[in-house]
Amino acid sequence: MNRRIEKVAVIGSGIMGGGIAALCASAGIKTLLMDIVPFDLKDEERNDPEARNRIVKAGLEATINSKPSLFMDKKNDLQFIETGNLEDDLDKLSDCDWIVEVIVENLKIKQELFSKIEKVIKPGTIISTNTSGLPLNQISEKFSKEMKEHFLGTHFFNPVRYMHLLELIPGENTNPDILKFMADFGEKVLGKGIVWAKDTPNFIGNRIGIQSMVYTMQVMMDMDISIPEVDAVFGTPTGRPKTAAFKTADLVGLDTFKHVADNCYELCPDDKMRDTLKLPDFVSKMVENKWLGNKTKGGFYKKEITPEWKTIRKVINYKTLEYEELKKPELPLLGEVKKAKTLEEKLQLVFYGEEKISQFARKVLTGSLTYSASLIPEISDTIVEIDNAMKWGYNWQKGPFESWDAIGVRKSVERMEKEGAKVPDNIKKMLESGNESFYKKENGKTLYFDFESGTYKEVNFSPNIIILENLKDNNKTVKSNNSCSLIDLGHGVFNIEFHTKMNALNKEIIEMMAEANEYVLKNGIGLVIGNQAPGVPGAFSAGADLSYLLELVKAGKFSDIDKMIAEGHRNVLTAKYAPIPVVAAPYGMTLGGGCEICLAADRIVAHGELYMGLVEIGAGVLPAGGGITNLWRKFIETRPGPVKISDYAAYFIPALMNIAQAKVSTSAAHAYAMGFLGAKDKIVFNKDHLIGEAKKEVLRMAEDGYRPPAKTKIPVMGREAQGMIYANMLNMRDGGYITPHMEFIALKIAYVMSGGDVLQGTLIDEEDMLKLERESFVELLKTENSQKMAEHILKTGKPLFL
């Protein structure tokens, strides 16, 4: 059967249901969002469609207004969503290919709903539940054989757009073909990381995540540790999100957190570590008081505004349930952790330290690690599924078993047992057999320890995924320096990967770009520019290395800066007009120079979560790596039909404002609307597929007989555009909307984009426009205000407008 999902129905329009609907709409799938008819209709409202759809309309409105946005491109995506209710519109389910239920966690209500659904659906419709606690076999016990074969659990994580994890839970009778199809659909179309879970309470992610959080609270209270101290250590120092433990709970909502925690405790009566699932009473009292986190403007943390309009951050004292002013914890351990270069080093410092906060962290980590091990094979057959669930669903940099490897399994077990912890038998048996780690590398392959067989097995990655680290382990690096590597992807395609902090561009990367181009000309057919930085969303490249530039500025070496940029321009032009295709594969933060690299490529294959922009004005300069030139060309060359001179202003203003206002896209779809992506560029929903899809694009272009673009002159707007912009800037400055120096930079940007001192309609050489970029960049760097702006953003990460 050639199965496709062309229409989806999401039943339940709350936060999760709205998020699933938004994701499907963002993927271009027709989506029917449904909910119940309000119980409290007045007599005059009973036949009013608007009133009968009040709940689903409110749900959709909340989804539309959510921040951060749950849609990739709200304006475009909403055309794919229609709404309805379960009494008047049930028959609309008859042409849906997948129906996902996201209603209240009540077994009877779910069973009654599915009974109604079964009467109207077409044969072959896939039915799934997003339940996190109710057993699938109970939900489906009254289903027909046909419906049971097409039924499974699809457990998304909030916020749906941003969380990579999708847990798939097979029912007892689910057709294997349906499971395979939904895994492929979830991975390729919705961009999710698939984890196979068993039909156990809270599945994998929430079972381990809730225990970790609840046990953290228990130990915190036992050892008299404050909430800020907990978050200080269980954030970035241990590879957890910046929101750490309690800020994450505020984000999720304490009511949701309590519901899942209570559910886990009630449904796991035989759990050997059940006592670590018991939620402390103070959390229940906070929920009673409606202190639910961000949604109620106060949870574990809150902000207050004084009469003088000063913002004061406060934190709950769990002993008194009163809010106190938040003070940064003074923990010497954090100073040592900050010096550590790798997460492994940080985890070891935290786990083996002797100060009180380390003793606390060691006890919490011991409980979390041993609990994870005790749940195999109950919730999962392998450690891989558990690690992936925690990385993709909770944004941990390392899963429990990867973290255990980082601190040393044998050494940590000895410490755990010395301090009275009970280590699961499967861990002790692994160590007794001489196996010292959960993962290891052999012949360029990643292996994991399988408890059932007592042997190492290969980690099976999706065939759509290319992992650069594995290729490097397999001696596929053909060139490298301290800042980047050239890696053989196979089939004549090579990948240049950056590995500086935030993948910032520096002189070594510029030099390697030229070397890579020369090497691929002799040995391959095309080049991918792609990185695989950890984290969500990560950074393709946060721009140029400002620290290096400022060193040259302080030394007065402006001629060196000019030469470096000129070399970069030569390399860009050489690559652009070489007879090999170059495809950039950006994701996450793609700013400044990172954006410029993409604009210079033949094609862009972008991840859906793309935050792209030319933001140099915030550092007191303008784009000088071809960004202004290539953005202008993209605007006038990728638009449909010939662009007349009279039309230039319509393109010039938005192109200029992208740079002058440092606009950054909120998604790849938004980047397309802004003009950073063109019609030939491609958007990929799954970040893990990015390098593979970029490689395919190179192969397609080569197969089609790639020819480099012809060298053509660039039509510009000249002095006419500058006059128009000058008048606007003067009004903004006089109105106090822009500072004199910002006006000066904006006018420089306009001068470059309009081609300099020429008439409207003049055709200028690409090299001349790049020279304008370079000269203006250096001129700005010579000003005191631009130097102050660059130093400030380097030091604080925030722009300073002078």
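Okay, let's start with helix 24, residues 558-576. Count 1.5 Å a residue and its 19 residues should span 27 Å; the end C-alpha atoms sit 27 Å apart, so that agrees. Bear in mind that this is a predicted model.

Which residues of helix 24 are buried? Quite a list: Phe558, Ile561, Met564, Ile565, Ala566, Gly568, His569, Asn571, Leu573, Ala575 and Lys576. And what do those buried residues pack against? Helix 22 (507-523), helix 23 (546-554), helix 26 (627-637), helix 32 (766-781) and helix 33 (784-796), plus strand 20 (582-585).

Next, strand 5, residues 126-129. In a regular strand, side chains alternate between the two faces of the sheet. Here both faces are covered: Ile126 and Ser128 are buried on one side, Ile127 and Thr129 on the other. Strand 5 runs parallel to strand 4 (residues 98-101), with four bridges joining them, and Ile99 stands opposite Ile127. To get from strand 4 to strand 5 the chain goes through helix 5 (residues 107-118), in a right-handed β-α-β crossover. Strand 5 also pairs with strand 6 (residues 151-156), again parallel, over three bridges. There, Thr129 has Gly153 as its bridge partner.

Last stop, Glu402, which you'll find in helix 18 (residues 400-407). What does its side chain reach? There's a polar contact of 3.0 Å with the side chain of Lys391, and the backbone nitrogen of Gly399 lies 2.8 Å from the Glu402 side chain. Setting aside neighbours within four places in sequence, Glu402 is in contact with Asp387, Lys391, Gln397 and Tyr439.

Key. Residues numbered from 1 in each chain as written. Predicted model: local features only at pLDDT ≥ 70, side-chain atom pairs only at ≥ 80, totals over all residues. Heavy atoms only, no water. Helix = DSSP H or I, 4+ residues; strand = E, 2+ residues; numbered from the N terminus. Expected span 1.5 Å × (residues − 1). Buried < 20%, exposed > 50% of the residue type's maximum accessible area, 1.4 Å probe, protein only. Contact = heavy atoms within 4.5 Å. Polar contact = N/O pair within 3.5 Å; in protein donor to acceptor, adjacent residues only side chain to side chain. Pairing = 2+ DSSP bridges. Right-handed = clockwise from strand over helix to strand, strands pointing away.
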